[in-house]
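Me: I would like to learn how to read helix packing and sheet order from a model. Please take it one feature at a time.

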Amino acid sequence: MKLRTKLVISFVTMIMIPTVLTTAFIFGIARYQIGVIEHTYGITGEEYKDFAKSIRVLGDMPEIQQFIISACIAVVLILAFTAMIMMVWIYGSIISPIHKLQEAAQNVEEGNLNFEIKPEKDDEMGRLMQAFEKMRIRLRDNAEEKLKSDRESKELISNISHDLKTPITAIKGYVEGIRDGVADTPEKMEKYIGTIYNKANEMDTLINELTLYAKIDTNRIPYNFAPLSVNDYFNDCAEDIEMELDSKNVEFGYFNYVEGDQKIIADPEQLKRVINNIVSNSLKYMEREHGLINLRVKDVGDFIQVELEDNGKGIAAKDLPNIFDRFYRTDASRNSSKGGSGIGLSIVKKIIEDHGGKIWATSREGVGTVMYFVIRKYQEVPINE
């Protein structure tokens, strides 16, 4: 029941109940007094017609005066009793929820958000308690999300710091070797400089991932979408991947099943980042003497499906649903030695979803992993549509 309704009922009750009870009381007393007067003064029959003329006389009678005093006292008592009942009713409807809200506010002030407010009734105070409960839940969720974000940020900084230290140490060592004259032949000098260059590229990749991670957190990834020819784009990607894998003695296979001049709408740079991150992840956990990576491009209706298959160590079934989560590690002790920021696949998922696509994976331990993603085809719409 709404508070306004309770107040209306209280007002009407405080008017009606005293009126009814007082009227009944006065009517009863009046009947009694009339009987007494009739018996005492012998007023009967036709004499009641002139009863009104005798009011002044009756008012001077002690019995009438006593009746008026009793009636006034009865009215006061009835009003006081009714007001007390109404006050207790309204007080209980308002003060109890206020006490609960006060206790809840005290908990929030002390930083305790693990409690619950249960509205007792569906009135104004009940809805206020419901709103407070929703606010508490939102504050708790925000606090938990902030703690999670802080932990992830600290983990990212720790990973980046660890991973930057390795190439920096290598670069310093090779530079000192050059300064000390250890690279005393052109071949050694070329090797030292090549190693320094590669380590600098590793540092650049890590810093780029850190920058991109910050942009992902603020939804500010820069995209330059454009129609891309599927065959031309993935042919170029295949050439780049083949050159990289040749230098690492990993076999590469490219299979394009798309016919005609199909196009997709995508950011070429970010889509290339997706492919490179998946390939880098495959190489990192290859653990085979003869590595293999296959790139397949297929036409699947309104989408172009891309598959990247490797013959690495595979992923356990329990870990597979979580591999696209930020900082998820299937084996922290082993992954820490592999390097990387731990956000590569989460970046991949974010980019693909921002393209309106979807990414997933299948894997068998000891056999290998296949990463799938789909990108919607680009279709020109006539001007009149």
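The dialogue below goes through a helix pair and then a sheet.

Reply: This is a predicted model, in which local features need pLDDT of at least 70, side-chain atom pairs count only at pLDDT 80 or more, and totals for chains, interfaces and linings use all residues. Residues are numbered from 1 along each chain as its sequence is written, and side-chain values use heavy atoms, without hydrogens and water.

Me: At what angle do the axes of helix 7 and helix 9 cross?

Reply: Two packed helices are described by the angle and the distance between their axes. Here helix 7 (residues 268-284) and helix 9 (residues 344-354) have axes that come within 9 Å and cross at roughly 150 degrees. Helix 7 is therefore roughly antiparallel to helix 9 (angles over 145 degrees count as such). Axes are lines fitted to C-alpha atoms, for helices over the stretch in contact, with angles from 0 to 180 degrees between N-to-C directions. Helices (H or I, at least four residues) and strands (E, at least two) are DSSP runs numbered from the N terminus.

Me: In what order do the five strands of the open sheet lie?

Reply: Strands of a sheet pair through backbone hydrogen bonds, either parallel or antiparallel. The order is 2-4-5-7-6, with mixed pairing (two strands pair if DSSP finds at least two bridges between them). Strand 2 (250-256) and strand 6 (358-364) are at the edges with a single partner strand each, so one side of each has no neighbour in the sheet. Strand 5 (residues 303-310) and strand 7 (residues 368-376) are antiparallel over eight bridges, and Val306 stands opposite Phe373 in strand 7.

Terms used: Parallel < 35°, antiparallel > 145°, perpendicular 65-115°, else oblique.
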